[in-house]
Amino acid sequence: MMSGKHYKGQDVSCCIKYFIFGFNIIFWLLGVAFLGIGLWAWSEKGVLSNISSITDLGGFDPVWLFLVVGGVMFILGFAGCIGALRENSFLLKFFSVFLGIIFFLELTAGVLAFVFKDWIKDQLNFFINNNIRAYRDDIDLQNLIDFTQEYWECCGAFGADDWNLNIYFNCTDSNPSREKCGVPFSCCTKDPADAEQKTYIHVKGCVPQFEKWLQDNLTVVAGIFIGVALLQIFGICLAQNLVSDIEAVRASCLFT
């Protein structure tokens, strides 16, 4: 039993505590913004009033990106903010474990993408062609495809012929569409003088153009991935450090 002397325990680092809080409050607010944009987009398309329509789209709905990314950022930011501010070791452990799982999934995805390049290429081709079929079904998907084709100066997955998969652009005799045998405007070259094979559309597919873009910007892409990875590791270490401080302070209180 201790008497007379007061045991001075270790203090929780204020620098680490408020750094984690400040960083995660920004992260949390960004998550709220992403979720808000996603829900607003769904509201504009009438999805919130008819939830069953989520499964109606045959292709990829870009709104899912905002909702998933926003949801993850919201959860992580909330756990980091409250955990740091209230010195809650459970929330901080949840934050670091969740961040660690995301880091592991990113690392695994990177390794698998490098090892199974051909499979990834086939899946990308399937993904693009599937969304070509649903081009007119969703305005957000349409805008995403148009932006991609304009930015990479491409048309279809491997060429303009891929647009035959779309019911509005295919060249079959039974197609009554005025866009029959055509392609979206985003396939058109900005300057006809730059057109290849005496055409006015981009002849290169988006898959090979994406591969070329990756090769041309490999240093930048690698730098971004490394930077994000280091930031995640830094966040995990800070959270674990703060947890250790909190548990040390609580343990020292038992001897006061």
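This is a predicted model: local features need pLDDT of at least 70, side-chain atom pairs count only at pLDDT 80 or more; totals for chains, interfaces and linings use all residues.
Student: What makes His 202 count as buried rather than exposed?

Tutor: The relative accessible area of His 202 is 12%, and buried means under 20%, so His 202 is called buried. This residue is found in the loop between helix 5 and helix 6. Leaving out residues up to four places away in sequence, His 202 touches Gln 149, Glu 153, Cys 154, Cys 155, Ser 186, Cys 187, Cys 188 and Thr 189. With one of these, Cys 188, there is also a pairing of polar atoms, in which the backbone oxygen of Cys 188 lies 3.5 Å from a polar atom of the side chain of His 202.

Student: What is noted about the phi of Cys 181?

Tutor: Phi of Cys 181 is positive, about 65 degrees, although Cys 181 is not a glycine. Such a value is worth noting because most residues other than glycine have a negative phi. Glu 87, in the loop between helix 2 and helix 3, also has a positive phi, near 55 degrees, and at 25% relative accessibility Glu 87 counts as partly exposed.

Student: Why are the buried residues of helix 5 said to be on the same side?

Tutor: The residues in question are Leu 141, Gln 142, Ile 145, Asp 146 and Gln 149. They cover an arc of only 130 degrees around the axis, and therefore lie on the same side of helix 5. What covers the buried residues of helix 5 includes helix 4 and helix 6.

Student: Which residues of helix 4 are buried, and which are exposed on its other side?

Tutor: Ile 128, Asn 129, Asn 131 and Ile 132 are the buried ones in helix 4. They cover an arc of only 160 degrees around the axis, which puts them on the same side of helix 4. On the other side, Trp 119 and Phe 126 are exposed. The cover over the buried residues of helix 4 includes helix 5 and helix 6.

Student: What caps the N-terminal end of helix 5, and what follows this helix?

Tutor: The cap is Asp 138, which has a side-chain oxygen 3.0 Å from the backbone nitrogen of Asp 140. Helix 5 is followed by Glu 153, with a positive phi near 50 degrees.

Student: What makes the pairing of Glu 247 and Lys 93 a polar contact?

Tutor: Their side chains come to 3.0 Å, and a polar contact needs N or O atoms within 3.5 Å, one able to donate a hydrogen and the other to accept it, so the pairing qualifies. Glu 247 lies in helix 7 and, at 37% relative accessibility, counts as partly exposed. Apart from neighbours within four places in sequence, Glu 247 is in contact with Ser 89 and Lys 93. Glu 247 and Val 12 are 235 residues apart in sequence, yet their C-alpha atoms are 9.2 Å apart in space.

Student: How do helix 2 and helix 3 cross?

Tutor: Their axes come within 8 Å and cross at roughly 145 degrees, and helix 2 passes helix 3 in a left-handed crossing. Residues that meet there include Val 72, Ile 75 and Leu 76 in helix 2, and Leu 91, Leu 92 and Phe 94 in helix 3.

Methods. Residues are numbered from 1 along each chain as its sequence is written. Side-chain values use heavy atoms; hydrogens and water are left out. Buried means under 20% relative accessible area, exposed over 50%, partly exposed in between (1.4 Å probe, protein chains only). Helices (H or I, at least four residues) and strands (E, at least two) are DSSP runs, numbered from the N terminus. The arc is that of the directions from the helix axis to the C-beta atoms. Contact means heavy atoms within 4.5 Å. Axes are lines fitted to C-alpha atoms, for helices over the stretch in contact, and angles run from 0 to 180 degrees between N-to-C directions. A crossing is left-handed if the near helix is turned anticlockwise from the far one by less than a right angle, and right-handed if clockwise.
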